[in-house]
Protein chains: 2
Amino acid sequence: MNSVPQPAPLRRSFIRFPTQVEYGSGMLKRIGEFTASYGKKAYCLFDPFFRGSESAAVVLDALHAVGIETFESYEVHPNPRSGDIDKQAQLCLEQKCDFVIAMGGGGTLDIGKAVAFLVTNGRSAWDYTVKENQFYHTITIPPLPFVAVPTTAGTGSEATIYSVVNNPDIQRKCTIRSFELYPKLAIVDPELMLNIPPLLTALTGIDTFAHAFESYTNKNATAFSKMLAMESMRLFAENIIECVENGKNAEARGNMAIASLLGGLAISHSPTTLPHIIGQCLSGWVDAPHGGSLAVCLAQVIRWTLPNGQTEFAQIARVIAPELNAVSDAEAANALPDIIDKLFVRIMGNQRVTMKTYGMDENRAGEFAEFIFHNYQKDMSNYLRVPSQEELYAIIQDCL
Amino acid sequence: MNSVPQPAPLRRSFIRFPTQVEYGSGMLKRIGEFTASYGKKAYCLFDPFFRGSESAAVVLDALHAVGIETFESYEVHPNPRSGDIDKQAQLCLEQKCDFVIAMGGGGTLDIGKAVAFLVTNGRSAWDYTVKENQFYHTITIPPLPFVAVPTTAGTGSEATIYSVVNNPDIQRKCTIRSFELYPKLAIVDPELMLNIPPLLTALTGIDTFAHAFESYTNKNATAFSKMLAMESMRLFAENIIECVENGKNAEARGNMAIASLLGGLAISHSPTTLPHIIGQCLSGWVDAPHGGSLAVCLAQVIRWTLPNGQTEFAQIARVIAPELNAVSDAEAANALPDIIDKLFVRIMGNQRVTMKTYGMDENRAGEFAEFIFHNYQKDMSNYLRVPSQEELYAIIQDCL
């Protein structure tokens with residue numbers, strides 16, 4: 001099948017995470033102190049939301065105070081497109097910036113990561129995305145130093161080796177995957193997250209849970225990656241409702257920010273599997289928000305997997321619902337899909353989202369299953385239960 | 001009190017751990033592949049135990065296979081002395097080695113770390129040890145790349161920012177503390193640990209537990225450091241008896257190796273407190289083995305702390321004895337000192353060790369309390385309960 005020459009597969013270490021992480025309310029103010037040695041000029045990529053904001057001013061003032069020049073860009077679209085990323089990299093090069101700062105949601109951080117390596121490595125972002133049956137380029141030259149400032153708790157991009165790139169021309173969402181994509185510095189400041197609206201809080205939170213869940217149930221999970229994933233799920237379960245319903249609670253926001261970071265770190269050591277494959281394909285086909293594309297399939301995938309993951313599912317169910325400590329593994333595991341369904345409905349404002357909610361055409365379900373089956377064999381093989389094309393089709397029917 | 005000029009206090013990040021960790025049975029064979037880019041000649045510091053051993057041959061062969069020259073040294077004494085370390089650094093410099101590999105127990109790893117930075121920074125190891133009321137030097141130049149290969153599960157030195165140095169002339173055991181002391185690479189191979197005798201397994205295991213316990217109960221512990229410490233204690237509790245009583249069990253040995261690594265990582269983010277202060281002073285005074293110096297005081301310190309640490313102690317007690325999930329926090333916490341006493345006696349071959357076992361003169365208890373009280377104010381202040389000199393004296397009486 002793999003007749004096309006491809007780069008060597010990524011070899012993951014038991015632990016590999018060179019990023020310096022600074023966490024705490026008000027930590028953003030210290031960005032100048034942390035980056036003073038990174039260079040003379042920073043390319044500052046901010047979510048459009050931050051144009052003229054106090055948070056942007058905090059960053060710029062802190063950098064100027066230590067003598068760092070800044071160039072600002074607010075050109076960020078939700079699912080980052082390779083063409084837009086390439087333009088940003090060109091601009092960063094023209095502006096002769098020494099390092100890159102990205103402040104915003106997961107998409108913004110992913111653009112920032114790509115800009116930082118494209119400046120030194122050249123080519124288009126799309127050339128580096130992993131494609132199962134096609135050749136792709138790898139990062140060979142160290143990127144510019146990259147600083148991640150997440151303002152949502154979801155993708156954990158500040159702690160991952162990934163950058164997700166969208167190619168709308170071919171309806172594909174693909175991933176660049178390299179240890180060079182770890183930020184040099186991540187500043188996680190819960191103050192930046194107090195104003196995230198409830199629905200976005202829920203959607204990004206679901207992404208965090210999916211990361212931790214999929215990393216934990218990956219066949220190649222290790223003691224280290226499982227510890228990260230389990231703690232991420234615990235923090236998610238204990239804090240997501242409060243974050244959605246009382247967003248100004250800085251303690252709950254901080255805990256969700258840590259859940260997100262640990263989820264990102266978990267998938268960098270033991271990656272996502274089936275739910276993210278389905279979700280990422282859905283986002284490529286119908287431009288669904290990333291968290292929504294996971295919300296529509298997580299419980300359905302788990303329900304289908306049940307016989308193969310009793311031990312793992314029981315442990316996860318008990319972290320979300322500690323009262324299940326009193327029942328058998330089988331009973332706790334069987335309760336998991338409904339627990340997740342119910343929780344997701346609650347945090348999504350009492351609405352149940354499905355693939356149709358995001359515009360998926362039910363007549364294309366067969367074609368969709370075939371597309372996934374033929375393009376993601378390798379990643380699917382790491383999941384607890386590996387579906388045939390027919391089983392994929394059945395799962396997708398359940399998600400419609 | 002601090003009229004003497006001192007370096008700025010160490011500022012700890014939420015996460016900072018640049019070490020690449022490779023874990024698994026047989027991983028040692030791949031040391032050449034991992035270090036091929038580190039340089040042309042390796043300074044190989046091996047525990048004397050490894051002279052002529054198969055494990056040493058594995059390392060040397062793997063290095064030679066990738067064209068790396070080697071210089072071997074087996075000059076290691078249990079509690080590393082600064083004079084011995086300085087001689088090793090001189091030898092490494094004369095041999096023009098590009099990087100340092102240390103394979104052995106915690107002391108060996110600590111010497112390797114010191115050699116790696118002394119070669120580039122100069123001076124004596126003792127000049128860099130942290131002294132509360134005296135000036136000390138800091139590492140300003142990046143060390144040679146350092147590779148840690150732990151062969152005991154205890155100090156977690158492969159994942160710490162510390163190197164412990166003994167100065168027998170003044171009966172002091174002191175610590176060098178710097179982010180530059182993190183290894184570049186750690187290879188944790190449980191195969192190397194299958195032959196550790198029961199008593200050494202117990203003594204080093206107690207060190208691991210003390211690290212995790214003290215990090216967890218440090219006032220400055222964070223969500224990240226607590227996660228590491230709790231997982232370390234869980235793995236210790238589940239595996240230490242099996243490691244002592246059936247040392248050839250590679251799975252149990254592997255889990256204890258991970259417990260040790262996580263304990264080391266925990267104290268690098270939230271350091272040890274009172275038990276290690278007492279233990280380190282005892283080793284300075286009477287040359288007690290490190291684990292033994294902790295075994296004589298841990299339960300006693302906890303018993304004295306009880307009213308101030310109910311929540312923390314209950315959580316720890318339940319990780320060691322899950323049946324305590326059914327009782328109140330107060331009851332679980334109160335059970336902890338006896339649980340630890342009993343566990344330590346069992347793993348130490350049904351013997352109870354005290355300060356007297358290691359030759360401490362009971363008539364010097366007052367002097368010993370005074371010495372600790374005047375030299376370790378700052379470190380003690382991070383513990384859940386801060387003792388007066390009289391209280392320290394009472395604790396030490398209990399440990400005799």
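Q: In which sense do β1(A) and strand β1 of chain B pair?
A: This is a predicted model, in which local features need pLDDT of at least 70, side-chain atom pairs count only at pLDDT 80 or more, and totals for chains, interfaces and linings use all residues. Residues are numbered from 1 along each chain as its sequence is written, with chains lettered from A and ligands numbered from 1 in the order in which they are written. Strands are DSSP runs of E, at least two residues, and helices are runs of H or I, at least four, numbered from the N terminus; two strands pair if DSSP finds at least two bridges between them. Over 3 bridges, β1(A) and β1 (residues 15-23) of chain B are antiparallel.

Q: Which element gives the largest share of the side of chain A that touches chain B?
A: Contact means C-beta atoms, placed from the backbone, within 7 Å, and 14 residues from each of chain A and chain B take part. On chain A, β1 (15-23) and α6 (223-245) each give two or more residues. The largest share, 8 residues, comes from β1(A).

Q: How many bridges join β1(A) to strand β8 of chain A?
A: Strand β8 (residues 185-188) runs parallel to β1(A). A:Tyr23 stands opposite A:Val188 in β8(A). The number of bridges is 4.

Terms used: Two residues are in contact if their C-beta atoms, placed from the backbone, lie within 7 Å.
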